Amino acid sequence: MEIYLPIAEMSVHWLIILGMGAAIGFLSGLFGVGGGFLLTPLLIFYGVPASVAVATTASHITASSISGAITQWRKRALDLKMGAVMAAGGLVGTVFGVWLFGVMRRQGQMDLVVSASYVILLGTVGGLMLRESLAALRAYQSGAAPPAHRGGQHLWMHGLPIKMRFRESRLYISVIPPLIIGFVVGVLSAIMGIGGGFVIVPAMIYLLRMPTSVVMGTSLFQIIVVTAATTILQATTNYAVDIVLAFFLIVGGVIGAQIGVRAGERLRGEQLRLLLALLVLAVAVRLFFGLIIEPADLFSIATLSP
Amino acid sequence: MRRLYLIAAVLALCAIPAFAAEDLVSGLSQDTVEITSNYTGTDIVVFGAIEHLEDTGLNDVIVIVRGPDASVTVRKKDRVAGIWLNRDQATLQDMPTYYYLASTRPLTAIAAAYTLKRYGIGLSNLAPTRIFAHHDPEPFRQALIRHKQQDGLYGETPTGVEFLSPTLFRVHVPVPATVTRGQYNAEVYLFRDGNVVSAQSTPLFIDQTGLERRLFNLAHSSPLAYGLFAVLMAGTLGWLSSVIFRRAS
């Protein structure tokens with residue numbers, strides 16, 4: 001059965017949308033990422049206008065992240081305090097990002113900026129994760145002891161002021177690094193139409209040195225706050241949130257997310273990170289070729305308001 | 001409402017002495033297209049009859065359905081340091097969002113090029129009211145027409161006018177799912193020996209109805225409430241699923 005989307009002004013098959021939502025939701029539950037970096041390009045490829053795809057993806061990520069976060073919360077795998085600090089930085093970042101979005105669009109190079117930042121960001125993060133998870137897997141297979149929890153290590157950021165104790169993360173650090181990470185992710189969320197999980201998860205593990213067990217739940221919490229804010233900002237500034245599209249994506253997404261969380265319990269941390277790294281790198285490579293291969297049609301059309 | 005338009009159209013035509021409006025009558029299978037939740041595009045039928053058919057001369061009918069105008073920016077990619085990025089662009093003001101033409105024969109066989117150009121008949125004669133560009137805009141105009149044709153929003157069928165009898169004709173006009181909402185116009189031209197002898201215009205309205213209409217209105221009239229509602233829906237569905245799945249496992 002085909003359904004008509006009132007904001008996107010096109011008709012789509014509801015099963016395809018439901019399936020897309022479920023597939024992305026599965027990844028969301030499995031890796032603790034929102035999956036926006038996959039869903040936004042997927043929707044655009046299906047013919048949904050880019051602005052509607054970016055805005056509606058945000059509300060899909062909110063729903064599947066809430067579903068995943070509650071499951072993690074029950075397992076006590078969520079540092080609420082850390083999540084709140086990062087979300088505060090994220091909210092400021094989102095507002096700044098929406099402003100930046102407008103400036104870049106007026107310069108007329110929005111597509112290039114988005115594609116190039118996807119390639120750089122996904123390529124860097126994916127590459128680092130791939131190297132690290134392969135090293136961890138090799139160490140595991142050769143029987144060496146896994147690296148111990150490095151909470152006691154002293155890094156440059158331990159000299160920063162306004163320290164706070166994060167009990168669930170077993171950390172006593174300054175609030176400035178998590179605030180900055182939250183801010184950066186908020187900016188990326190507004191510009192690229194993503195939740196930012198693939199940035200925040202590595203940042204928590206490698207920069208803040210949070211234990212892997214609380215990383216998934218905490219990143220989901222931060223993503224919920226940022227994407228909810230993005231949805232409201234997109235609805236009020238661009239009128240681009242399609243609630244019918246969002247509904248079908250969400251119904252698929254929450255089901256997929258539950259299956260994903262259960263599948264994730266059967267895999268080890270390094271294996272999960274290896275899979276996520278490969279996925280992120282694949283998207284980066286695909287977008288990179290999109291930038292350097294001659295397009296089939298050099299011309300593109302953008303309809304302005306009538 | 002529709003009758004008023006018809007009267008206006010007839011009066012407008014009577015003002016031009018060369019036309020004999022009573023030679024041609026035409027109508028539409030429906031004067032509104034309602035976009036509902038299961039709308040996937042539709043076909044409308046433009047029909048008409050030529051009255052007082054004369055034996056002298058060749059009669060040709062051209063039917064054009066036009067959608068509301070909009071400004072369009074066309075961008076062209078260029079390779080800079082190995083990367084393809086948008087370089088040149090042209091903004092074409094007031095191009096129809098939808099244009100479908102059907103005729104009895106190929107346009108060039110019906111009338112001279114300057115006649116077609118004067119009435120704006122045919123995709124090759126579609127011109128914006130203004131162009132903003134720093135270079136030759138013609139490739140950009142052609143690119144727009146090519147894109148619109150691929151999307152099914154522009155079309156030209158030289159054999160699209162079906163004659164059911166020597167005087168009665170009919171045209172099927174495809175309206176795809178991606179059409180812009182607004183007022184459309186169905187124009188019917190009667191050509192005799194390469195000249196327009198009669199013309200008629202009938203309006204057609206395409207709009208959303210029911211739930212779609214209300215959602216669209218809400219999104220634009222109270223965007224904050226709409227955004228909050230979207231977040232609330234997302235939150236409820238997310239929470240609901242975790243409750244259901246906990247019971248299940």
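Let's start at one residue: Tyr239(A) follows helix α8 of chain A and has a positive phi, near 50 degrees. Helices here are DSSP runs of H or I with at least four residues, strands are runs of E with at least two, and both are numbered from the N terminus.

Some housekeeping. This is a predicted model, where local features need pLDDT of at least 70, side-chain atom pairs count only at pLDDT 80 or more, and totals for chains, interfaces and linings use all residues. Residues are numbered from 1 along each chain as its sequence is written, while chains are lettered from A and ligands numbered from 1 in the order in which they are written.

Back to α8(A). The helix has 26 residues. From first C-alpha to last, α8(A) reaches 37 Å, close to the 38 Å expected at 1.5 Å a residue. That expected span is 1.5 Å times one less than the number of residues. How many of the 26 residues of α8(A) are buried? The count is 22, so the helix is largely enclosed by the rest of the structure. Buried means 20 or more other C-beta atoms within 10 Å of the residue's own; exposed means 12 or fewer; partly exposed is in between; and C-beta atoms are placed from the backbone.

Now α10(A). Its 24 residues should span 34 Å, and the end C-alpha atoms are 35 Å apart, which agrees. Buried residues in α10(A) include Arg273(A), Leu276(A) and Leu287(A).

Chain A as a whole. It has 10 helices and five strands. Of its 306 residues, 51% are buried. Take the contacts between residues at least 6 apart in sequence: 81% of them join residues at least 24 apart. A contact means two C-beta atoms, placed from the backbone, within 7 Å.

Next, the interface. Chain A puts in 49 residues and chain B 50. On the chain A side, several elements each supply at least two residues, among them α3, α5 (110-141) and α8 (212-237). Which element gives the most to that side? It is α9(A), with nine residues. By type, the chain A side divides into 32 nonpolar, 13 polar and four charged. For the classes, Ala, Val, Leu, Ile, Met, Phe, Trp, Tyr, Cys and Pro are nonpolar; Asp, Glu, Lys and Arg are charged; the others, Gly among them, are polar.

Strands cross the chains too. β5(A) and β5(B), residues 69-80, run antiparallel and are joined by five bridges. Pairing takes at least two DSSP bridges between strands. In that pair, Ala302(A) has Thr73(B) as its bridge partner.

Setting aside residues up to four places away in sequence, Ile66(A) touches Ile224(A), Gly235(B), Gly238(B) and Trp239(B).

On to the cores. A nonpolar core is a set of buried Ala, Val, Leu, Ile, Met, Phe, Trp, Tyr and Cys residues joined through C-beta atoms within 7 Å. The largest has 141 residues, and those with the most contacts inside it are Ala246(A), Ile250(A), Ile62(B) and Val63(B). α8(A) gives the most to this core, with 14 residues. Domain 1 (2-208) and domain 2 (209-249) of chain B both give residues to it, so the core lies between them. These bounds come from an automatic or database domain assignment. A second, separate core of eight residues includes Val74(B) and Phe140(B).

How do the two domains meet? Six residues of domain 1 of chain B contact six of domain 2. On the domain 1 side, β2 (32-35) and β13 (195-208) of chain B each supply at least two residues. That side divides into one nonpolar, three polar and two charged. Ile35(B) is in strand β2 of chain B. With 24 C-beta neighbours inside 10 Å, Ile35(B) counts as buried.

Last stop, β11(B), residues 168-175. Phe169(B), Val171(B), Val173(B) and Val175(B) point to one face and are buried. β3(B), residues 42-50, runs antiparallel to β11(B), with eight bridges. Val45(B) stands opposite His172(B) there. A hairpin through four residues joins β10(B) to β11(B).
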